[in-house]
Structures are given as C-alpha cells and as structure tokens.
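This report covers a two-part reading of one model. Please have the sequence and the coordinates at hand.

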Amino acid sequence: MQLTLFLIFGALAVAGAINLLVQRHPIYSALSLVTVMGALAVEYLLLGAEFIAFVQIIVYAGAIMVLFVFVIMVLNAGEVIDQPRSRIAAFLGLPILTLLAIELISRVYGDFGATTLTMGSPMVQTGPIGQSLFHEFLLPFEVTSVLFLVGVLGAVVLAARREKPQVVAATRQQHDQEKAMAAAQR
Amino acid sequence: MTTTAFFLLSLVKCLVVLFILLTAVAYIQLAERKIVGRMQARVGPTRVGPFGLLQPAADAVKFILKEDVTPDGAHKFLYVLAPILAVVLALLSVTVIPVGGMVQLFGVHTALQLTDIDVGLLLILAVTSMGVYGVVLAGWSSNSKYSLLGSLRGGSQMISYELSLGLALIGPIMLAGTLSLRGMVEAQRHLHWFIFPQIVGFFIYLTAAFAETNRIPFDLPEAEGELGAGYHTEYSAMKFAMFFLAEYVNMITVSCVATLVFLGGWMGPLFGPVWLVAILPTLYFLIKVSFFLFLYIWVRGTLPRFRYDQLMSFGWKVLVPLALANVMVTSLVIALK
C-alpha cells in the first residue's frame with residue numbers, strides 16, 4: 001500500500017511541476033509549485049522522515065510560496081503574453097535534458113550510495129536530527145543563518161531608501177507658499 | 001490489529017469527531033450571539049425552539065437555501081477552491097488533538113485522539129501556515145476591491161503573527177522535550193502546568209492565536225465597518241458557511257492547543273467511583289477549552305479593533321522580540337539546571 005501511495009504522490013509531484021510550466025497565469029503556476037511541495041512532503045512522510053516532511057510544508061508551502069502568491073497579488077500580474085521562443089533555450093535545453101536523463105538512469109540502475117531509505121522504515125525521531133544539526137553540522141548551520149541575516153539586511157537597506165530630504169523640504173515650502181497665497185487672496 | 005479493523009476504527013473515530021465538532025461549532029456560534037447580546041443589553045436569539053436552542057438548525061437551512069452567487073470576472077476555479085481549502089485545513093489540524101487518556105470502549109483499546117504522531121505540534125503549525133491560502137485566494141479570485149484589500153491585510157497579518165505563535169510554543173517544547181501533544185500533556189502531571197514557568201509564552205501565544213484566527217481585536221481582514229466583510233464579501237450560501245465553519249474550527253483548535261500545551265490538557269484531580277474517574281479527564285479538558293472559547297467571545301464583546309499600523313508594529317516590534325527573549329531565557333534556565 002505504501003508503494004501505491006508513493007507512486008500516486010510521485011505522479012502528483014511531476015504533474016504539478018509540468019503544470020507549473022504550462023500555466024499562463026503566474027498565480028496558477030505558484031499554486032502548482034505548492035502542490036509539488038505538498039506531494040514531496042508526503043513522499044518524505046512515506047520514507048519515515050516526519051520532521052522533514054512537516055518542516056517542508058512550513059517553510060516552502062507555508063512561508064516562501066505564500067510570499068510568492070502575495071507578491072503576484074500585490075503587483076496584480078496578469079496572464080503572460082506569448083513571447084518569441086528563446087534561441088539559447090533551444091540550444092542549451094536539449095543537451096542539458098539529455099544529460100539529466102542519463103544521470104537519472106545511471107542512478108536508478110547504479111548504486112544510490114551508502115545510505116538507502118526504504119519504504120515503511122521506522123520514523124526518524126526529531127531528537128537525533130537536532131543533535132546532528134547542532135553538534136556535527138554546527139558550523140554550516142551558523143554560516144547559513146549569517147547568510148540569511150545578510151539577506152534580511154540587504155532587503156531592509158533597499159526598502160528603507162527614502163526620497164532625498166531636500167526634495168521633501170522643497171515640496172513643503174511650496175505647499176506653505178500656496179497656503180499663504182490662498183490666505184492673502186481671502 | 002488487522003488493516004480492515006484499523007480502517008474501520010479510524011473511520012468511526014473520524015465520523016464521531018466530525019459530528020462533535022460540527023455540533024460544537026453550531027452551539028459556540030449560538031453561545032456567542034447570546035453572550036454578546038447580554039453584554040450589549042440585548043437577549044440574542046430566542047425565537048427558534050426553547051431559549052433559541054434550535055437557531056443553529058435554522059441557520060443551516062438558511063445557508064443551504066440561499067442563492068449561490070459567483071461574481072462576474074471571478075477566477076472560477078480558485079473562487080471555489082478557496083473555501084474548500086479553508087475548511088479542509090481547519091479540519092486537518094483537529095486530527096492530532098488528544099482529548100483524554102487511553103480508553104477501553106466496546107472491547108477496543110484506543111486513544112481519545114484520531115492519530116498520535118510524534119510531531120503533532122509541527123503538524124498544527126504546518127496547517128496554520130497553509131491557512132493563509134484560503135484567505136488570500138478567496139480575496140484575489142473574487143474580483144472585488146474590498147475582498148482584495150481584506151485578503152492582503154489578512155495574509156500579511158497571518159504571516160506576521162505566525163512567527164510569534166511558533167516562537168511562543170518553543171518554551172513548552174523545550175520544557176517537555178517532545179513535539180507530541182500527548183507527550184506534552186504527560187510531562188505536565190501533578191500540576192506542573194507549563195503556564196507557570198511559561199507565563200510570558202502563554203500570553204504571547206494567546207495574542208498571536210487571536211490574530212491567527214482573525215478574531216477581534218485583530219479582525220482587520222473582515223473589518224465590517226470599512227471593508228464590507230473583507231475577503232469573503234463576495235461569498236454567499238454554503239461557500240460563506242465554509243469560511244464561517246473554518247473560522248470556528250480554527251478557534252476550537254487554537255483553544256485545544258492552548259489547553260494541551262499550557263494548562264495540562266486533561267490532567268486534574270481524580271476522585272470518586274470508577275465511572276467518574278473514567279470521564280473526569282475529558283471533562284477537565286472540555287472545561288479548560290470552554291474557558292478559552294468564552295474568552296474569545298468575552299474579548300469580542302469588550303475590545304475595539306486595532307488600527308492596521310498598530311497591528312503590524314505590535315506584532316513585529318513587541319511580540320516577536322518578547323517571544324525571542326522568552327526562548328533565550330527558557331533555554332538558559334534549562335541549560336543551567
């Protein structure tokens with residue numbers, strides 16, 4: 001039964017990914033991506049990774065994609081108009097696709113590496129994940145958080161850039177003058 | 001247990017929970033109208049049935065019989081999807097809520113809970129974070145200014161307060177050392193309720209929870225005085241009822257989590273004959289949850305609505321730093337012990 005579920009949600013993920021490319025409206029594309037994330041979370045769950053599954057939903061579906069949808073809504077982006085097909089894509093796309101296919105096939109028939117996950121394996125406890133994250137991989141973890149901090153600071157700097165104060169002062173002066181003139185006329 | 005028996009048991013449990021939940025929603029809504037009525041020197045609904053007790057049934061009939069309107073220029077698919085999404089997500093989080101200990105019923109040994117997963121609290125947070133889609137898509141697909149404004153407000157409000165909601169829960173998680181809701185209640189035996197060491201976290205959680213469920217004083221997404229009804233302005237009949245249902249189920253979930261995480265769930269003094277000992281835990285649980293639900297109604301009858309900029313600056317400049325400080329102090333205390 002687990003294999004059936006795995007296949008169903010795998011197909012759902014692929015269908016969502018294709019739909020993401022085919023859809024003309026950005027909001028439908030974004031929602032297809034949410035579907036992909038959700039289907040992936042279920043796959044994680046089937047492989048016994050409870051914690052990763054729910055974190056996947058919280059971070060990708062619940063935070064990142066919500067922001068995407070939000071931006072699309074605020075910009076009120078409409079349907080994408082047909083654009084002439086890019087020449088570079090045609091030249092690069094096919095070779096890369098072939099490479100990926102070869103890689104995938106060699107992986108499927110070759111060795112997956114030291115650790116393999118099996119269907120219906122016992123659930124991985126949350127504790128050990130935290131242990132390895134904060135003992136073994138502490139440095140990468142902290143470096144990543146610094147990276148995020150830099151990103152946040154960059155966003156704040158960009159957002160906080162205001163009009164030059166002189167312009168504001170000039171406008172105010174003009175406003176005052178108009179007021180005075182109106183008063184004088186009266 | 002065989003697979004068939006497991007499926008059958010799960011199905012029966014789901015149906016029972018759904019029935020109880022829908023009845024509870026109907027009567028919470030009646031209680032709200034009655035209590036708010038009293039607070040405003042009115043009597044509330046009294047005409048349908050004795051003391052107006054059949055009012056929910058009349059409301060349900062009304063919802064079903066009303067015309068189902070779809071506005072011109074609406075994105076039909078998303079317009080229909082949004083209320084369904086809201087209800088499904090709201091009901092999903094109820095699955096991990098335990099209402100009592102283990103019981104022996106008709107010869108079947110089972111937990112008073114649909115499913116006990118190891119990361120129950122994470123599931124609830126995940127579902128809460130997905131809940132934004134219902135609000136955002138409803139407003140956007142309705143093709144209406146008021147709906148769009150309401151959903152933009154709702155979306156940003158829910159994203160902002162989600163953060164403090166999650167951070168407020170980290171304190172109890174660290175104290176209990178588990179993400180399972182059942183495990184969390186077990187850790188609060190003998191009146192070691194987490195509300196005492198985590199009083200700051202408790203109030204942060206409560207505030208954020210009010211904002212997450214879009215209730216007064218944080219009901220800006222629907223603000224009837226300025227936006228019509230916000231993101232569900234254009235919805236009618238059963239589609240509107242679905243949003244309504246989702247909001248009340250979310251209130252129940254949030255109250256249940258507050259009870260389980262901070263007030264010791266079904267823990268309380270056990271006494272008396274065997275049958276009393278058997279039902280007391282669930283009774284304690286219900287009393288505690290009812291308290292929170294009454295609080296919702298009480299606050300609705302008392303407080304005015306926030307202004308939008310106040311809401312945002314309160315969320316980001318007060319609640320989030322406070323929640324972070326709470327996490328740091330708690331972890332320091334645990335580390336020094």
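Predicted model: local features only at pLDDT ≥ 70, side-chain atom pairs only at ≥ 80, totals over all residues.

Residues are numbered from 1 along each chain as its sequence is written, and chains are lettered from A and ligands numbered from 1 in the order in which they are written.

Chain A has 7 helices and 0 strands; helices (H or I, at least four residues) and strands (E, at least two) are DSSP runs, numbered from the N terminus. Of the 186 residues in chain A, 13% are buried, a term that requires 20 or more other C-beta atoms within 10 Å of the residue's own, with C-beta atoms placed from the backbone.

Between the chains, 16 residues of chain B are in contact with 16 residues of chain A, where contact puts the C-beta atoms, placed from the backbone, within 7 Å. On the chain B side, helix 4 gives the most, with 6 residues.

The loop between helix 10 (237-262) and helix 11 (274-302) of chain B holds G264(B). G264(B) is buried because 24 other C-beta atoms lie within 10 Å. Leaving out residues up to four places away in sequence, G264(B) touches V185(B), Q188(B) and W193(B). The table gives the spacing of one pair.

| Pair | Apart in sequence | C-alpha to C-alpha |
|---|---|---|
| G264(B) and F194(B) | 70 residues | 7.2 Å |

Notes
Buried ≥ 20, exposed ≤ 12 C-beta atoms within 10 Å, placed from the backbone. Contact = placed C-beta atoms within 7 Å.
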